[in-house]
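Please look through the sequence and the structure shown here, and then follow the description below.

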Amino acid sequence: MTKAVSFSLGFVVLLAITADSLAQQISPTAQAVNEAVLRQANTIVLRQKIEQARSAQAAGDIVTATRDYEDAYKLVQQIGSGIDTETSETVSGLVATHLELARRAQRAGDLREADVQVTRALKVDPTDPAAIAFKKQNDALLASMTGKMPDQRTLEQIPGIMSDKTQAETLVQDGKLLYESGKFDEAEVRFNQALELDSDNRAAYYYLNLLKQADYDRQVREHNAIYQDKMVQVEKAWTPKVGIGLPVPNPYVTNTDVHTSAGAEAIYDKLDRIRIDQVKWQDGLPLSEVIRYLQEQSQLRDPDKVGINFLFNPNVANPPQNTLGAGLP
């Protein structure tokens, strides 16, 4: 039975550093003594690591146990010979924990991680039958999954992709806060940065659309404000001459231009071009005959041979005076 000896880790490290720094200043005999002391200190630490790994393994904490066995294995390589029992415990424990991690990975469907773990176990002990059998079985599963699972290069990209998506979500939240604070330009920068990391980020597109709508509303408000300001300026500048009217007929009218619709202009043009030199009607001639006569004569005298349709409404009691063209010669 190995007697447990407890030393402070700081003391052991200090002792190792001191022995190493004095190695060049002492005689070969003293140097051999210091090396022996260093080996003894490393052996003590090794036994502590093995005990820690054994406890973690018994508690089912295989990850911690594997880490402690890895530390112990490094000490085994540093110490070298003379520690057969510790070396055997370290190797067997390290192989067992890596093999257990390989089995867990295989049960979870992660065949590649299982391969990594069992490969590490075989590197420590290439002759372990359980590790050899597991490696053979896991290799067969990997071969059967060829073409049915992503390759290793693609799988290695996944952590980076997930990191980009997480960073994009953070940028969206930053942009949302800036948007709600009215910092639209800064918010837009954050949303665009998020889309550079994750081009399918729906939240970034959603808030960018809100920014565009907000910008449109702002432009409309600015336009309306400018328009109202112009109207105020026109109203202030408007000074009508109250009480000064033009005489009727207007002596300042110098042409017969009519500013109206195209159809009305055509009628005015015909009225101006179609002229009847002389009209003689008998007393008591019905108004319908007068209208018929005017229609016939207008058609005869119209260069276009279309004439003018005259309409008569007998229901108008007091038709308004037509002052259009008043004062014309």
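Leaving out residues up to four places away in sequence, Asn 138 touches Gln 106, Leu 111, Ala 114 and Asp 115. The model in which these contacts are found is a predicted one. Asn 138 belongs to helix H6, which covers residues 129–144. With a relative accessible area of 0%, Asn 138 is buried, because the limit for that class is under 20%.

**The chain as a whole**

The chain contains 11 helices and 0 strands. Its pattern along the sequence is accordingly written α-α-α-α-α-α-α-α-α-α-α. The chain has 329 residues, of which 23% count as buried. Its accessible surface amounts to about 23,900 Å², and 55% of that surface belongs to carbon and sulfur atoms. When contacts between residues at least 6 apart in sequence are considered, 56% of them join residues at least 24 apart.

**The nonpolar core and the aromatic residues**

Which residues make up the largest nonpolar core? There are 12 of them: Ala 168, Leu 171, Val 172, Leu 178, Ala 187, Phe 191, Ala 194, Leu 195, Ala 204, Tyr 207, Leu 208 and Leu 211. At least two residues of this core come from each of H7, helix H8 (184–197) and helix H9 (202–237). Val 172, one of the core residues, is in contact with Phe 191, Ala 194, Asn 201, Ala 203, Ala 204 and Tyr 207, when its neighbours within four places in sequence are set aside.

Across the whole structure, a search finds 4 aromatic pairs. Tyr 179 and Phe 184 form a stacked pair, with 5.6 Å from centre to centre and 25 degrees between the planes. The pair counts as stacked because planes under 30 degrees apart are placed in that class. Phe 184 has a relative accessibility of 22% and counts as partly exposed.

Helix H7 spans residues 152–180 and also contains Ile 161. Together with Ile 158 and Met 162, Ile 161 forms a nonpolar patch on the surface, and the accessible area of the three together is about 250 Å². Ile 161 itself is partly exposed, at a relative accessible area of 38%.

**Salt bridges**

Side chains of opposite charge can pair when their charged atoms come close. In this structure the count of salt bridges comes to 13. The table lists some of them.

| Salt bridge | Distance, N to O |
|---|---|
| Arg 47 and Glu 86 | 2.8 Å |
| Arg 54 and Glu 51 | 2.6 Å |
| Arg 107 and Glu 100 | 3.7 Å |

Arg 47 is partly exposed, with a relative accessible area of 32%, whereas Glu 86 is buried, with a value of 9%.

Arg 54 and Glu 51 are both found in helix H2, where they stand 3 residues apart, or about one turn of the helix. Both residues count as partly exposed: Arg 54 has a relative accessibility of 35%, and Glu 51 has one of 42%. These two residues and Glu 89 are linked in a network of salt bridges.

In the pair of Arg 107 and Glu 100, the closest N and O atoms are 3.7 Å apart. This distance qualifies because the rule for a salt bridge asks for the nitrogen and oxygen to lie within 4 Å. Arg 107 counts as exposed at 61% relative accessibility, while Glu 100 is partly exposed at 22%.

**A further pair of residues**

Gln 78 is placed in helix H3, which runs over residues 62–79.

Terms used:
Residues are numbered from 1 along each chain as its sequence is written. This is a predicted model: local features need pLDDT of at least 70, side-chain atom pairs count only at pLDDT 80 or more; totals for chains, interfaces and linings use all residues. Side-chain values use heavy atoms; hydrogens and water are left out. Patches are made of residues with over 30% relative accessible area and no salt bridge: like charges are joined within 9 Å, nonpolar side chains (Val, Leu, Ile, Met, Phe, Trp, Tyr) within 5 Å. Accessible areas come from the Shrake-Rupley method with a 1.4 Å probe; for residues, only the protein chains shown count as cover. A salt bridge is a side-chain nitrogen of Lys or Arg within 4 Å of a carboxyl oxygen of Asp or Glu. Helices (H or I, at least four residues) and strands (E, at least two) are DSSP runs, numbered from the N terminus. Buried means under 20% relative accessible area, exposed over 50%, partly exposed in between (1.4 Å probe, protein chains only). Rings of Phe, Tyr and Trp (its six-membered ring) pair if their centres lie within 6.5 Å; planes under 30 degrees apart count as stacked, over 60 as edge-to-face and the rest as tilted. Contact means heavy atoms within 4.5 Å. A nonpolar core is a set of buried Ala, Val, Leu, Ile, Met, Phe, Trp, Tyr and Cys residues joined through side-chain atoms within 4.5 Å.
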